[in-house]
Amino acid sequence: MATDPIVELLEKNARQSPAEIAALTGLEEAAVAARVAELEESGAILGYHAIIDPERAGADHVTAFIEVKLVPERDGGFDRLALRIAKFEQVRSCYLMSGGYDLVVIVSGHSLQDVAKFVSEKLSTLDGVTSTATHFHLKTYKQDGFLAHHESEPTRLPVSP
Amino acid sequence: MPVQIADSVKSIPRSGIRDFFEIVLGRDDVISLGVGEPDYATPWHIREAAIFSLEKGMTSYTSNLGLESLRKAISGYVESQFRTTYDPKSEVLVSVGVSEALDLACRALLNPGDEVLYHEPCYVSYNPSIALAGGVPVSVPTYARDAFALKIENLEAAVTPKTKVLMLNFPTNPTGAIEPPEELEKIAAFAIKHDLTVITDEIYCELIYENPQDHVSIASLPGMRERTILLHGFSKAFAMTGFRLGYACAPEMIIEAMMKIHQYAMLCAPITSQVAALEALEGGNDCVVEMRKSYGHRRRLIVDGFNQAGLPCHTPGGAFYAFPDIRPTGLSSKEFAMGLLEAEDVACVPGDAFGETGEGFLRCCYATDINLIREALERIGRYVTSLEGAPELQGSAAV
């Protein structure tokens, strides 16, 4: 199934209005607005946010990627535990992964100690969590399709055949 | 005695684009819709393969026809894209851009006095390439009322016993026209009837917006392969204009003839570009699909914008140019283009740079940042309104 063109456009730039999307796709503006509402309602679109380079934004928080191993449960596999973890405010993202560990949990805190405290007090102590491995984020090169360090725009000749 | 320039060169008129270019260069902060190339840098995986080849020290000549691996990949690509088979060993020539392949084709085929039919408005190099090879360029008009498709009756009106070659370019620079399949069949029959060789420049064929997979090359039609030189390249679909890499596919004896010229004039296409081209073909066409989608959005925006501004503009089936009709303003193409540049700092190429039938039109490239397109359309709207006797929004009847 091909991706909805409206979703594709919003993924690249969420600030485009239904009118702008309509102008690019030939759809009616009202139809675009209705479709976007449908996508938001169904959870296909979870939300919108600006994609930030924390270094440049002067962010004062610290981010860590935590590999978590879980004991799968009889009814529901990893879902119950994963949701329990995901609901913590500090958890920015939470994914089920194939390979050597089960979940990757991306956590944000005020400081290294803050994150470490969350892991040791709230995460590792959960029933069903068998191990965690914490990796601290140092620098962003690319985030969600956007390069953090722009290649300078290539300049073309202003007129060419 | 001062140096004497060759008559054949003296007789080539100054390029209309070149003059316009000089004027635009002299101004600051112009929004230019006068470009003829993608607004993307070549996709990274292609650039990276080229860089890696240099690191490995691949800097020598290749065989005249081009790297065998590249010719094999081209043969496979042409098979799937154009549904015609060419032997990579003897029926594919890798050239320095389609520009060189076109020049080779003309020089390989034309004897002095041989006539070549080509449709206008067209790319700026066709007429001079034919003339420089000693041929006689014979232009065939196309019209906005036909969405600039080439009509058989216009070809029949122009053919003579001296006609040897028919040159085609679909999708067309500057009109964006695509040739409907039923017209293409008539043209094939025409070429066979008059025993013509066809040179078909299909450089924009991946950039077709409705059903791109249905593109038909004249080379694939019955009776045509033996008399067609298929030209294609990497500049537009893969955003590799600066790499200067193209190719010709044709029966062995034509390639052999083209090779004879190519081996002395060029020796071979640059090896770095050939390696890049190989990666382009092997790396899959996701990048092409993405770029095409984005051009498609911008096509809609710009065509609607021109129509709303009172300049009738057909929806081009391919390439990345809009070709609005500025005749409702009563100005010539040059007057409009210059006036627009001076009043609003927007550059579009006057249509007469592409032949007589381009007079009254403007070529506007939508391979440009979307916000710049929006801004340019606003300024164009303002300019059109400011002209005396501003056109009614209904637009005039298109010829």
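**Burial and salt bridges**

Reply: Asp53(A) is buried, with a relative accessible area of 15%. Buried means under 20% relative accessible area, exposed over 50%, and partly exposed in between (1.4 Å probe, protein chains only). Arg56(A), by contrast, is exposed at 56%. This is a predicted model: local features need pLDDT of at least 70, side-chain atom pairs count only at pLDDT 80 or more, and totals for chains, interfaces and linings use all residues. Residues are numbered from 1 along each chain as its sequence is written, chains are lettered from A and ligands numbered from 1 in the order written, and side-chain values use heavy atoms, leaving out hydrogens and water.

Me: What links Asp53(A) to Arg56(A)?

Reply: Start with the general idea. Side chains of opposite charge can pair when their charged atoms come close. The cut-off for a salt bridge is a side-chain nitrogen of Lys or Arg within 4 Å of a carboxyl oxygen of Asp or Glu. Asp53(A) and Arg56(A) form one, with their closest N and O atoms 3.9 Å apart. Over all chains, the structure holds 25 salt bridges.

Me: Which parts of chain B does the pair Lys89(B) and Glu68(B) tie together?

Reply: Take the distance before the location. The closest N and O atoms of this salt bridge between Lys89(B) and Glu68(B) are 3.6 Å apart. Lys89(B) lies in the loop between helix H4 (68-82) and strand E2 (92-95) of chain B, and Glu68(B) lies in helix H4 of chain B, so the pair ties together parts 21 residues apart in sequence. Helices (H or I, at least four residues) and strands (E, at least two) are DSSP runs, numbered from the N terminus. Lys89(B) is exposed at 57%, while Glu68(B) is partly exposed at 37%.

Me: How far apart in sequence are the parts tied by Lys193(B) and Glu156(B)?

Reply: This salt bridge has its closest N and O atoms 3.0 Å apart. Lys193(B) sits in helix H8 (residues 181-193) of chain B and Glu156(B) in helix H7 (residues 152-158) of chain B, so the pair ties together parts 37 residues apart in sequence. Lys193(B) counts as exposed at 57% relative accessibility. Glu156(B) counts as partly exposed at 32%. Salt bridges can also share partners: Glu8(A), Lys12(A), Glu290(B) and Lys293(B) are joined in this way into one network.

Me: Now the interface. How many residues does each chain bring to the contact?

Reply: Chain A brings 16 residues and chain B brings 30. Contact means heavy atoms within 4.5 Å. The size of an interface is often given as the accessible area lost when the parts come together. Here the buried area is what two parts lose on being put together, summed over both (1.4 Å probe). Between chain A and chain B it is about 1,800 Å², of which carbon and sulfur atoms give 56%. Arg156(A), Val159(A) and Pro161(A) supply 39% of the area that chain A buries against chain B, more than any other three residues.

Me: How many salt bridges are counted between chain A and chain B?

Reply: Two. Glu290(B) forms a salt bridge with Lys12(A), with the closest N and O atoms 3.2 Å apart. On the side of chain A that touches chain B, helix H1 (5-12) and helix H2 (18-25) of chain A are the elements giving two or more residues. H2(A) gives the most, with four residues.

Me: On to sheets. What is the strand order in the open sheet of chain A?

Reply: The four strands run E2-E3-E1-E4 (chain A), with antiparallel pairing. Strands pair if DSSP finds at least two bridges between them. The edge strands, E2 (91-96) and E4 (129-136) of chain A, each pair on one side only. Neighbouring strands are turned by 20° against each other on average, direction ignored. Axes are lines fitted to C-alpha atoms, for helices over the stretch in contact, and angles run from 0 to 180 degrees between N-to-C directions. Helix H5 (residues 79-86) of chain A lies across E1 (62-70), E2, E3 and E4 of chain A, at about 165° to E2(A).

Me: Is E12 of chain B covered on both faces or open?

Reply: In a regular strand the side chains alternate between the two faces of the sheet. Strand E12 (residues 362-365) of chain B is covered on both: Leu362(B) and Cys364(B) on one side, and Arg363(B) and Cys365(B) on the other, are all buried. Strand E9 (residues 321-322) of chain B joins E12(B) through two bridges, running antiparallel. There, Tyr321(B) has Cys365(B) as its bridge partner.
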